[in-house]
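Hello,

Here is the structure I promised to pass on to you. Have a look at it first, and then read my notes below.

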Amino acid sequence: MIDDVGLVRRLKALACTAPLHDLDARKGMLDWVEAEPYQMAEIALHTIDQVTIAMDFDTGARHRQVVDRVVPFVAAQAPDRHPDEHLRVARWVLDSLINVGTVDRGFRRVYGEVDAGGAYTRRAFDFKLLVELAAADGEVYLRATDEAINVLVGALDTDVESAQVAAEVKLENLIIRGRLAEARLAAEQARYRTVQFGETLRIRLEATRRDVRAVDWEQDLPELIGSALTHIESRFKAESAILKNITVARDDAEEPHRKRRAADLVDIVGDCIRRHTQLQARLLSAGSVFRAEQDRQLFAGPPQRAAVDLFGQLLLPVLELPVTRAVAPLEEYFRGSAGPATPPVLTLSSLVSLLLRPPVERDDLVGELPQPDLIPAEDADRYSDEQWRLADELLDLPDVARDLSGLLAEAGRLDPGLPRLVALRAMHAYSPELAAAIRRGQPSLLIAVPTGRRLDPALTGGIGGDELVLTTAGLGDQS
Amino acid sequence: MKTVEDATAAATLIGCGLRPKQVPTRDVVYGELVRRYREDPGFAQVVNGVAGGLGLRVLDVSPAGGVVLAAGHDSVFEIKMETYARQAKIRERRDVEKVLHGIVHLAVAALAFPRPADLANDTYVGRVTVEQVDLMVREACRLLDERADLAGTADPDADTPELEQVWRAYARRPEVAATKDGRAAADSTRGMVARALRFLAEQGFLVPVASEPDGLYRTTHRYQIQVRELAADRAFGELLALGVVSIVDGSGRLRTTTDTLEG
């Protein structure tokens, strides 16, 4: 057997599409909608599409905004249904793509891999399609992950930069040949790739701003910035040329449909150029961030005493430990760093001042609480009052002992449902809680004792098991 | 000469130390007692003795930070991780929850004092926000992920979930998650960080910076002492015992002096 990297890549690519197929598989189980007309996987792709288009370097799409843009597509699939249902379907798909309801809000697929030694191991592949992130203003917004973008674009597991080049070449060809519909798709692909590229850079630059030593400024980052600048330069050239071409195509077009498509394309390519400009501004400021941070950190003066490197000597090693082994060091750290607990109220005077403290005014009310629609619970009683009364009569056995089989036969003659109730109560009477019954002041108690024989299901209406002798024991004398 | 007055004064000083937000510069009695502790070795001994009897250790006494106390194991003043992480949901593995809270606390300190020199420098004031703490840990997770990729162990073994590494658990947890009423969920990583910062502020270790609206905190002297003199060494000791890190300079000291960029 061989160690096949390509196989693993394909397995993972396949796994990324699984949540979409799951949607269609699960739609039959939804009890609030007859989901047959809805193509859930299509809606899901459309949702990821909307999130990706709205993604920016700094902001993403709000939940509400995405749902609003998906609803028309949902409505097109089932125009005769109520708009509320369309909204609910769109929300359900969005929630499923985030995987709301799990702690990690992601997906896990297990795949197998043959390692270098030829042994087969099962590995867990964790991935997410849409993630929720916090904006600077504290709002929660959505972004599509690399996995989602790859699923959407169809270029499964390809190198970011090479895919970018391919998309641009394709775009240019399509425009020259005048195929605007395909050109639009290719332009969008190119834009997704640009977004992806910018995302990688953003994370690196954030790290640089925090700690100079955390990022390799000798080789790693200059290389990255260099290649990013080259990338931007070439894209600028390519896209400016394309823009010129399609602007001409737009202005020359006679047919309104074609004119509009060309106009769309102008917008998309314009947006691409805007994104490149954003990326470039970030790249240019990176150097000055590094210099300022280096000045601050290097010329701070000689250390007064030696101390532990919290990040390198504690945080990183602990992050690498298995969860079970990391508990002890982290608990030890927490105990050391938490400080002493202070009893909330030490003296009467502090209690008084605590009680007299004016309440904190809360203005961030969550709004009106929704009134839940409650359906009255269904009648959960399996046996009717009449059956209970009959069973009571049958099992009232003062001073006599009767076999369970006889009782069951009699019960079967009275009511076909009765033997089961009698059998259940007889079982309950086996080794009853005597002390509790006496404490409750119960006058008598049903007691069952096994005889060692077996019940014949044919005679007892299908009930099998040990034959019991039942009798009612009086408890009055003891109290 | 040890008298009842001395014992009372010592207990008063410790009492001040237990009030996290009280500082000697704003309290004449407290300031006087701090001065006495530093100048009178006999009194210092009594204070240390009284603290010891209560299960506390005096880490530092200074005019700026006052008395910094640490609770010993099984002291009534000790805050345990179990108490802190109690809200953890039952369905989740409790270890994971505890570890994530621990990582968050460690990361707050690591961000507040990014270099050993910052931790050692008494005048250094660190600044932290929820976003920065979370981003730092995630970046560390990304580095470890890259390293794992290079080593050819990209994905964890599915048959032994208990051997999953901490960074995978952290990276998988969402940074925020919107609840039905549009608030951020507490079991997302940013929810955890926000909780840690509020907790540390209540303990007098962090102070919100009023001029900055977006939840910026600065560190206090107490926090630096607590992390430097106690917590970091304890955790480091545990890591040594596990054989995860080793002392490299051969002198048997835990602390390193590497400070320059060449390192």
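Let me start with the rings. Over all chains there are eight aromatic pairs, where rings of Phe, Tyr and Trp (its six-membered ring) pair if their centres lie within 6.5 Å, and planes under 30 degrees apart count as stacked, over 60 as edge-to-face and the rest as tilted. One of them is the stacked pair of A:Phe107 and A:Phe127, with 5.6 Å centre to centre and 25° between the planes. This pair links distant parts of the chain, 20 residues apart: A:Phe107 is in strand β1 (residues 107–114) of chain A and A:Phe127 in strand β2 (residues 120–127) of chain A. Helices (H or I, at least four residues) and strands (E, at least two) are DSSP runs, numbered from the N terminus. A:Phe107 is buried, with a relative accessible area of 15%, and A:Phe127 is buried at 3%; buried means under 20% relative accessible area, exposed over 50%, partly exposed in between (1.4 Å probe, protein chains only).

Before going on, a word on what you are looking at. This is a predicted model, in which local features need pLDDT of at least 70 and side-chain atom pairs count only at pLDDT 80 or more, while totals for chains, interfaces and linings use all residues. Residues are numbered from 1 along each chain as its sequence is written, chains are lettered from A and ligands numbered from 1 in the order in which they are written, and side-chain values use heavy atoms, with hydrogens and water left out.

In chain B, four rings form one aromatic cluster: B:Phe113, B:Tyr124, B:Phe205 and B:Tyr223. Both B:Phe205 and B:Tyr223 are buried. Charges sit over rings here too (NZ of Lys or CZ of Arg within 6 Å of the ring centre and within 35 degrees of the ring normal). B:Arg36 lies over the face of B:Phe43, at 4.1 Å from the ring centre, and B:Arg195 has its charged end over the ring of B:Tyr84, 4.2 Å from the centre.

Back in chain A, find the open sheet of three strands, with the order β5-β7-β6 and antiparallel pairing; two strands pair if DSSP finds at least two bridges between them. β5 (402–403) and β6 (444–454) of chain A each have a single partner strand, so one side of each is left without a neighbour in the sheet. Eight bridges join β6(A) to β7 (residues 466–474) of chain A, and A:Leu446 stands opposite A:Thr472 in β7(A).

Enjoy exploring!
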